[in-house]
Amino acid sequence: MEELARESWWWPYVMILLAGWVATDIWRWLGVFAGGRLREDGELLVWVRCVATALVAGLISKLILFPQGVLAETPMWLRLAAALFGFAVFLTVKQRVIIGVLAAEIFLITGWILIDGGAGTFS
Amino acid sequence: MSDPEGPIQSDRSADAVVTTATWVRRGAVAAISIPALILTAAFVGYAGLARESGLSLTETLMMVAFIWALPSTVLLTGAISSGMGLLPAAIAVALASVRLMPMTMSLMPVIKEPGKTRTWQLLLVSHFVAVTAWVHAMKHLPELPRPARLPFFLGFGIALTSFVFCMTGIAYFLVERLPDFVAGTLVLLTPVYFLCSLWGAARLSADRVSLIAGLVCGPIFFVLTPGLDLLWAGLVGGSIAYAVTRVARRGLA
C-alpha cells in the first residue's frame, strides 16, 4: 500500500509530518513530561545535562567526520583540522563564537583550494 | 507589582499582561544575534540542498517549521529524495533527534513556575528547543525573574524560527544551485557553531567534560553501533562525564 501511496502528490507531506514532525517533537514532548519532576538543584538534572551535552557533542563529531553531501569529498583530516583550528581560535579570542566559526571556514576554504589546485573548486 | 499600596486588582492583572507581552518582545529582540545569523547561514545552505534534492518550496518550508532541528531536517531530506520508506525514515530521524529529550528535560526546571505553568504551555514552547535557543536559555534564563522566563523563551523561539523560515524561503528562490564550494563550507558551519556555542554555554565542569566525552564517543559508537550511535554516545559519554566530575566534586561518597 505504501508503494502506491508513494506515487501521490501528498506522500512527501505525510513523510514530513510523521517521519519529521512526530519523530522529532515526540522527544521534546517526552522531555516536558520527564523533566516536570526534576529539581533545579538536583543531581539527576546534572546527569541529564551531561547526557544532553554528550548527545549534541556526538552529533558534532559525526557531522565533521562523516558529513553529508559535497563536504564529504574533502579529506577527513582537513575537516578535522579546520574544526580544531576554529575551536582553538574561539578559545583564544575570549570565546567569540563568530570568530571561531569564521576561522574554521577560512581554514577549510584555504585547504580545499590548495588541495584542488583551484581546479574545479568553483564549478 | 508586590506594592501593597498598588493599584486595584483589575489594574494589577492588566499590568501582569503588559509585563508578559514585554517579556515576549524582549525575548524576540534577544533572538536578533550573531548565533541567529550563523544558524540562518546554515539554513541557507540547507535551502540549496533541498532544492537540489527535488523538494518543493512548500515541502522545504514545512520541514523547517515542523522539525526545527537542522540535522534531522537534512536526514529526512535525504530519506525523501532517495525514496526511503516511512518507517525506516521515521526511525532514522527519531534516533538522530534523541538529544532533544534530555535538552528539553534540563530546560524544564529552569523555565517553569511550579504550580502556575500549565503543561500545554510547556509542550508549546518545547517545539523551539534546538541547540541555538537551548544554549541561550540555559545561559540567560536563570538571570531573569521566574514569571518572565517562559514568555521570554517563547518570544525568542518565535522570532528565531520566523526569521530563519523567511530566509530559507528567500534563499530557495534566489539560489538555483549553490556552487559545491559554498555548499560544502555551509555544511561545516553547523558542527563548528554547535561546538563553540556549547563550550561557551558551559556553566559546570560537568558540561565541558561531557562535551569532550561526547566528541570522543560519537565516532566510536558510529563504528560499534551504527544507527544507535548518537544514543549510546550520549548515554555512555554523558554518564562517564557525570561520574568523573561527581567524584571530583564530592569524592567517592
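I call a residue buried if 20 or more other C-beta atoms lie within 10 Å of its own, exposed if 12 or fewer, and partly exposed in between, with C-beta atoms placed from the backbone.

**Entry: the model.** I am working on a predicted model, where local features need pLDDT of at least 70, side-chain atom pairs count only at pLDDT 80 or more, and totals for chains, interfaces and linings use all residues. Residues are numbered from 1 along each chain as its sequence is written, and chains are lettered from A and ligands numbered from 1 in the order in which they are written.

**Entry: Phe163(B).** Phe163(B) has 18 C-beta neighbours inside 10 Å, so it counts as partly exposed. I find Phe163(B) in helix H9 of chain B. Helices here are DSSP runs (H or I, at least four residues), strands likewise (E, at least two), both numbered from the N terminus. Leaving out residues up to four places away in sequence, Phe163(B) touches Ala36(B) and Thr40(B). For contact I use C-beta atoms, placed from the backbone, within 7 Å. From Phe163(B) to Thr40(B) I count 123 residues in sequence, against 8.0 Å in space, C-alpha to C-alpha.

**Entry: chain B overall.** I get 12 helices and zero strands for chain B. Its C-alpha atoms fill a box of roughly 65 × 55 × 35 Å along the principal axes. Of the 253 residues in chain B, 48% are buried. Among contacts in chain B with a separation of 6 or more, 77% join residues 24 or more positions apart.

**Entry: H3(B) on H9(B).** Axes are lines fitted to C-alpha atoms, for helices over the stretch in contact, and angles run from 0 to 180 degrees between N-to-C directions. H3 (residues 57-67) and H9 (residues 146-174) of chain B pack at about 155°, with axes 10 Å apart. H3(B) and H9(B) are therefore roughly antiparallel. The angle classes are roughly parallel under 35 degrees, roughly antiparallel over 145, roughly perpendicular from 65 to 115, and oblique for the rest. H3(B) contributes Leu57(B), Thr60(B), Leu61(B), Val64(B) and Ala65(B), while H9(B) contributes residues including Phe165(B) and Tyr172(B). I sort this contact into seven nonpolar, four polar and no charged residues. Nonpolar covers Ala, Val, Leu, Ile, Met, Phe, Trp, Tyr, Cys and Pro; charged covers Asp, Glu, Lys and Arg; the others, Gly among them, are polar.

**Entry: H3(B) on H4(B).** The crossing of H3(B) past H4(B) is right-handed. Met63(B), Val64(B) and Ile67(B) of H3(B) meet Ser72(B), Thr73(B), Leu76(B) and Thr77(B) of H4(B).

**Entry: domains of chain B.** I note domain 1 (9-201) and domain 2 (203-253), with bounds from an automatic or database domain assignment. Their centres, over C-alpha atoms, lie 24 Å apart. Six residues of domain 1 and seven of domain 2 make the contact.

**Entry: chain A against chain B.** I find 73 residues of chain A in contact with 85 residues of chain B. H3(A) gives the largest share of the chain A side, 21 residues. That side divides into 47 nonpolar, 16 polar and 10 charged residues.

Conventions. Contact = placed C-beta atoms within 7 Å. Left-handed = near helix turned anticlockwise from the far one by under 90°.
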